[in-house]
Amino acid sequence: MHISHECLCTKYKDTGRPPSRVAHVMTSRRAAGVRCLPINGHENPQVKHFQLPETDFLAEIEKVVRPSAPIDKFELLLGRDEDLTDIRRSLHAAGRHVFIYGDRGVGKTSLALTAAYDYQSSESDPVTVSCGPNETFADLIKSIVRKGPEAVLNPTTKKTSTGIDARVVKGSREVNEVSEAIGSEITIDRAISLVAQAFASAPAHTVVVVDEVDMIKDRRQTSLLASFIKALGDRAVPIKFIFTGVASTLDELLAEHQSAFRQLHPVRLERLMLQYLGDFVVQVFEHFDLEVDDSVKWKIGQVSDGFPAYVHIICRSMLLHIYDNDLQIEEVKESELYSSIDHAIREVADGIKQPYEMATGSKDQVIEHLIWATADSQDLERQLAHVKRSYQSICYALSIEPLQEGMVSAKLNKLKQPSHGQILSAVPPNKKGWYQFTESMVRGYARLKAMQRGIELTYEPDKPDLVSRPQPYTKPRHVYRDPSNYIPNMRGYGSGPRRESNRAPKRKR
Ligand SMILES: Nc1ncnc2c1ncn2[C@@H]1O[C@H](COP(=O)(O)OP(=O)(O)OP(=O)(O)O)[C@@H](O)[C@H]1O
Ligand SMILES: [Mg+2]
């Protein structure tokens with residue numbers, strides 16, 4: 001039987017989902033790179049993307065979504081305008097460099113690269129070097145020198161007496177000097193002169209991004225780096241540096257060399273505000289000519305917990321879901337979000353999953369509920385009373401009876417132990433009865449896992465008066481999936497409270 005493509009498209013539009021035979025026709029058309037015909041005489045704009053062959057579609061996704069690569073373009077970097085202005089002004093001040101610090105995954109490298117491209121002369125790209133584990137100061141200088149235009153212009157590789165490759169730096173006792181830098185020790189003076197030589201022909205506005213300075217663990221090496229930053233200003237080396245790392249590294253650098261303060265403009269990066277995460281979601285789907293239901297936009301923003309990587313992962317998973325299922329939709333709804341969560345969870349980096357998997361490895365489901373409870377707020381640091389409240393409300397939503405109050409803190413303290421991946425830690429300085437995730441980004445993973453089970457965690461700041469005047473919880477929590485799928489012995493959602501069990505849920509066959 002001949003099936004008219006036009007009639008098929010109209011049919012999809014009405015039902016939202018093609019019947020399987022139709023899906024097959026669509027898939028084979030897509031494999032052949034055939035575009036869909038207009039719906040009711042009008043061109044259906046999103047169809048052109050979703051009918052692309054897979055490699056082209058993936059390339060199209062890559063244009064707007066980068067779950068595992070930093071951003072280096074203004075258009076894609078959301079919510080950092082003020083930081084960019086700050087950095088630009090600092091870089092234009094003589095002898096001043098920038099240190100961007102913040103939690104893992106918050107967007108440090110993306111901001112550094114975008115700011116570097118913004119400042120960098122259009123004649124060339126900024127230089128980027130990443131610090132490796134146990135890197136020494138000399139290793140770092142070697143990496144920087146090797147990326148200088150002089151080294152690039154003269155890439156002659158010679159064998160030194162030690163058998164190590166070294167590139168020639170023009171106009172000096174080149175090979176020897178670079179070889180020396182390759183050694184494990186280098187003086188500040190020598191480091192400065194090598195860097196100045198390697199970048200002698202660099203354009204006026206040249207930036208070197210030194211990423212992940214926190215990888216340099218040895219205090220003696222950070223002390224050398226602090227002296228180097230100080231000397232850069234004093235010796236008027238014309239290139240600019242943007243460093244990234246965690247807060248403790250900046251403290252160390254400044255502790256070593258208080259006067260490096262004047263040379264280093266610190267930029268503390270906070271998690272992205274919900275509004276920007278929502279804007280990002282809209283921007284991504286707009287690229288595919290799809291509208292986004294408001295609730296979807298906020299839900300993605302909230303579950304992502306201020307960490308843009310999760311927004312990228314979720315949007316990518318949703319786009320693939322729409323593509324794989326040939327969904328003929330014009331607006332993205334909650335069903336697309338919920339159907340993509342399993343895929344999104346698989347895409348999260350192992351390093352983030354690890355503490356969660358370790359903590360929940362014993363299959364004690366109370367532990368998992370307590371982890372969700374700790375992540376159930378916008379606040380990173382949470383007081384026991386708030387965590388308990390969240391825990392009770394999660395149990396209520398799941399129709400299970402919570403653990404006795406007294407046992408909750410004992411279980412939470414377990415989560416600070418290495419046996420439980422140290423997923424939680426105390427809140428310094430000595431805030432007794434407060435909890436936080438050791439790695440803030442793991443919170444987002446906990447929020448995703450809760451969503452996978454049908455529980456949506458809240459994203460509001462904690463109310464301080466709860467601690468002094470406990471009140472019953474009044475707002476019922478949204479549950480979108482039948483939790484009896486994973487809570488043992490549940491006869492179906494809404495079947496009344498049951499006691500929270502320490503036993504592993506039975507696997508459904
Ligand atoms: N302002 C932003 N708007 C949109 N996406 C962003 C933004 N900042 C970062 N991202 C995305 O978030 C993810 C993490 O960004 P990035 O690698 O820059 O973070 P990081 O703090 O350097 O992480 P790490 O600590 O692991 O080095 C990447 O997928 C990046 O594309
Ligand atoms: Mg980074």
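Guide: Helix 17 and helix 22 (residues 440-452) pack at an angle of about 145 degrees, and their axes are 9 Å apart. Helices here are DSSP runs of H or I with at least four residues, strands are runs of E with at least two, and both are numbered from the N terminus. Axes are lines fitted to C-alpha atoms, for helices over the stretch in contact, and angles run from 0 to 180 degrees between N-to-C directions. This is a predicted model, in which local features need pLDDT of at least 70 and side-chain atom pairs count only at pLDDT 80 or more, while totals for chains, interfaces and linings use all residues. Residues are numbered from 1 along each chain as its sequence is written, and chains are lettered from A and ligands numbered from 1 in the order in which they are written.

Helix 17 and helix 22 cross in a left-handed way (the near helix is turned anticlockwise from the far one by less than a right angle; clockwise would be right-handed). On the side of helix 17, the contact involves Ile341, Asp342, Ala344 and Ile345, which meet Leu448, Lys449, Met451 and Gln452 of helix 22. Two residues are in contact if their C-beta atoms, placed from the backbone, lie within 7 Å. This contact has 5 nonpolar, 1 polar and 2 charged residues. Ala, Val, Leu, Ile, Met, Phe, Trp, Tyr, Cys and Pro count as nonpolar, Asp, Glu, Lys and Arg as charged, and the others, Gly among them, as polar.

Helix 17 (residues 334-347) also meets helix 16 (residues 308-324); their axes come within 8 Å and cross at roughly 120 degrees. Helix 16 and helix 17 are therefore oblique to each other (under 35 degrees is roughly parallel, over 145 roughly antiparallel, 65 to 115 roughly perpendicular, and the rest oblique). The crossing of helix 16 with helix 17 is right-handed. Helix 16 contributes Ile313, Ile314, Ser317, Met318, Leu320, His321 and Ile322, and helix 17 contributes Glu336, Leu337, Ser339, Ser340, His343, Ala344 and Glu347. By class, these are 7 nonpolar, 5 polar and 2 charged residues.

Helix 16 leads on to ligand 1: helix 16 and helix 6 (108-119) each supply at least two residues of the shell around ligand 1. Of the 22 residues around ligand 1, the nearest are Gly107, Lys108, Thr109, Ser110 and Pro308 (near means a C-beta atom, placed from the backbone, within 6 Å). The shell has 12 nonpolar, 6 polar and 4 charged residues.
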